[in-house]
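Trainee: I'd like a close look at one part of this one, with the cut-offs spelled out as we go.

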Amino acid sequence: MKSLLRIDTISKKVLLMLMSVAIVSTVSVALVFSAYELNSAKREQIESLESVSNMLSPNITAALLFDDQDTIAELIKPVLSRSDIVLVSVTNINGDVLAESTAPNIDKTSLNETSNVTKVSTLLTLDNQKYGELSITANDSYIKDRIQFYGKFLLLLLLSTFALSLFLSLVLRRIFLSPILYLADTADKITKSNDYSLRAKQHSKDEIGQLATCFNSMLDTIEQRDILLESQVALRTKELENANTQLHEYAYQDGLTDLPNRRYFYKKLQSLIDIDNMQFALIFIDLDGFKEVNDTLGHDYGDLLLHQVAKRLRSCVRSNDTVARLGGDEFTLIIEGINDVERASDIAQKVKQSLMQCISINGSKVYVTGSIGLTFYPTDGRSVEDLVKHADQAMYLSKSKGRNRYEFFSYVIEEQAIEKRRKLEEIRVALKKDQFVLYYQPIFDIDGINVGKAEALIRWQHPQLGLVGPNEFIPLAEQNGLIEDIGNWVREQAIKDAAHWFRLTGKVTQVSVNTSPLQIDHAGKWVDEWLATCNKFGLPRDTMIIEVTENTLMDPDSPIQQQMHRLNQYGIDIAIDDFGVGYSSLAYLQRLDIDILKIDRSFIQHMETNESSIALVRAIITMASHLNVKVVAEGVETKGQHQILQQLSCDYLQGYLFAKPMPAKDFIQTYIKPLEAQHNPLVID
């Protein structure tokens with residue numbers, strides 16, 4: 001019995017010892033295992049988050065490329081189905097948040113302040129190009145759940161036998177950890193293969209099974225989004241390819257003529273220059289008479305004309321040569337492999353003859369010609385800029401020589417262009433430094449003694465060349481937009497001088513001023529400035545005479561005639577300069593209150609030898625007399641001319657026979673008699 005009791009006691013002790021050992025061992029193992037599971041859970045949570053992040057990043061990157069924020073938001077929203085994930089955000093390369101999803105009942109501010117969170121970030125890249133970043137933030141609920149679970153598990157182990165504890169630990173490991181590892185392994189396979197058709201098997205219907213179901217549901221959503229995104233990417237790619245093709249056409253093709261445009265022309269020219277030992281001829285063509293077609297038939301006809309010209313130019317060259325439209329009515333030809341004048345001349349002649357042929361547009365017959373300039377590479381220039389500039393200069397030379405012709409570039413043209421630019425700059429300097437002066441040529445009564453008028457004539461007191469006449473710089477100023485500034489200076493100076501004479505004599509000495517039609521604006525500002533300047537110097541308005549040519553008044557609907565009429569109304573006289581050589585109708589003499597006709601010197605110089613000239617001058621004087629218009633004969637240089645004009649009863653005379661143009665100071669000394677001198681003639685003597 002005792003033995004039994006002893007055995008029983010021993011067995012109890014052994015049992016107790018074994019139980020103690022088992023309990024201690026179990027506790028030790030449980031503690032070690034708990035620590036291991038805690039670390040494992042943390043590591044698994046990070047790996048799981050990284051898997052989810054890596055799984056989402058390709059789709060989000062694609063959506064980010066198209067700036068599709070809605071798709072990004074839909075992609076990240078299912079991730080919050082995990083209980084431990086509290087925040088998912090997507091930022092661009094600048095750090096700006098494009099999409100963000102936060103779990104319910106989560107304060108983002110407090111989340112940033114706590115340290116018990118796990119954050120996984122994945123760069124969104126494509127072809128090594130960074131486009132943004134995906135961030136997934138999880139709290140420690142997953143870890144806490146594990147700690148609570150193993151705390152209870154430890155209590156259970158303490159109350160159970162070692163074997164049961166060991167058995168239960170193995171069972172629990174198999175039940176709970178294996179499915180999660182299986183899901184993690186499945187997610188890892190999907191991430192590496194990008195095959196979203198893979199699914200996790202559901203081994204049970206408990207929470208782990210539900211997790212597998214949610215995991216598969218998430219894969220379904222991602223797969224559908226991936227398929228949709230792929231189709232959208234394919235569609236957008238096709239659209240971009242089509243758009244790129246259209247943009248290329250727009251960038252390099254002229255929409256009006258279907259020829260290559262200016263951009264293509266310069267690119268083609270540079271590509272040819274970059275080829276070693278390349279030779280080619282560059283031809284510039286500017287249409288003569290195109291503006292008249294636009295003005296008479298309209299711009300629609302002008303567009304059709306350009307289209308027909310483009311066809312003709314293409315027919316004049318080979319298929320491998322380039323025909324381009326630079327803009328307006330300017331075309332260019334690049335003829336490859338040509339570097340001799342004879343072959344280039346043949347092509348230019350062919351182009352010239354082709355353009356001269358009648359062009360029929362909507363039943364209307366249109367005629368245009370071409371001013372053509374030719375240059376060669378590399379003879380006439382080795383850069384795009386030089387070749388274009390030289391071809392342009394040659395083309396303008398053909399225009400200046402009468403149009404409808406072709407000219408080859410020479411460095412004489414270049415020197416002329418440089419001289420032109422130099423003179424233009426000198427004109428600008430002359431305006432700033434007040435180098436212009438006014439000379440005055442007296443206009444005499446028919447007796448050739450009394451002077452009541454004078455013509456203001458501009459001169460340029462050039463610091464190196466001396467006194468330069470207007471023919472040397474006025475045409476250049478008109479061509480390059482400087483005539484308005486020169487005209488403003490002449491107006492100011494002429495009115496200032498006339499006002500000075502008026503104060504000296506107390507009577508009006510009329511001053512005529514030549515006016516370029518380019519100075520006369522449509523709005524009437526030019527007339528207002530004349531009136532304002534007269535008022536500024538206190539000058540009677542009838543002191544000034546505005547001289548214009550017949551051609552200026554050619555168009556009856558021209559605003560220039562309207563401005564001339566305004567001058568009449570305000571008392572400023574109008575004179576027609578070089579009368580008789582224009583091409584306009586005399587009807588303007590009725591419409592406008594013309595005060596003076598100035599007969600051109602070409603009629604005066606032949607009166608002594610040509611009866612026709614006398615007849616023409618007589619007709620002009622008779623007509624003017626009936627219209628109550630005064631007549632000035634210009635260019636009177638001989639006494640015989642003077643006698644004939646006296647016989648014809650001409651009103652005024654102007655010419656070298658009586659006086660040449662002179663500075664204002666000399667004009668005052670000779671023809672202006674101050675009030676004191678008028679009362680005391682001895683002062684003049």
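Are Phe-436 and Phe-473 buried or exposed?

Mentor: Both Phe-436 and Phe-473 are buried, where buried means under 20% relative accessible area, exposed over 50%, and partly exposed in between (1.4 Å probe, protein chains only). Before we go on: this is a predicted model, where local features need pLDDT of at least 70, side-chain atom pairs count only at pLDDT 80 or more, and totals for chains, interfaces and linings use all residues. Residues are numbered from 1 along each chain as its sequence is written, and side-chain values use heavy atoms, with hydrogens and water left out.

Now the rings. Searching the whole structure turns up 17 aromatic pairs; rings of Phe, Tyr and Trp (its six-membered ring) pair if their centres lie within 6.5 Å, with planes under 30 degrees apart called stacked, over 60 edge-to-face and the rest tilted. For Phe-436 and Phe-473 the ring centres are 5.3 Å apart and the planes sit at 40°, so this pair is tilted. The two are 37 residues apart and link distant parts of the chain: Phe-436 belongs to strand E12 (residues 436-445), while Phe-473 is in the loop between strand E14 (466-468) and helix H13 (474-479). Helices (H or I, at least four residues) and strands (E, at least two) are DSSP runs, numbered from the N terminus.

Elsewhere, ring pairs join Tyr-440, Phe-444, Trp-501, Phe-658, Phe-667 and Tyr-671 into a cluster. There's also a charge over a ring (NZ of Lys or CZ of Arg within 6 Å of the ring centre and within 35 degrees of the ring normal): Lys-660 lies over the face of Tyr-656, 5.3 Å from the ring centre.
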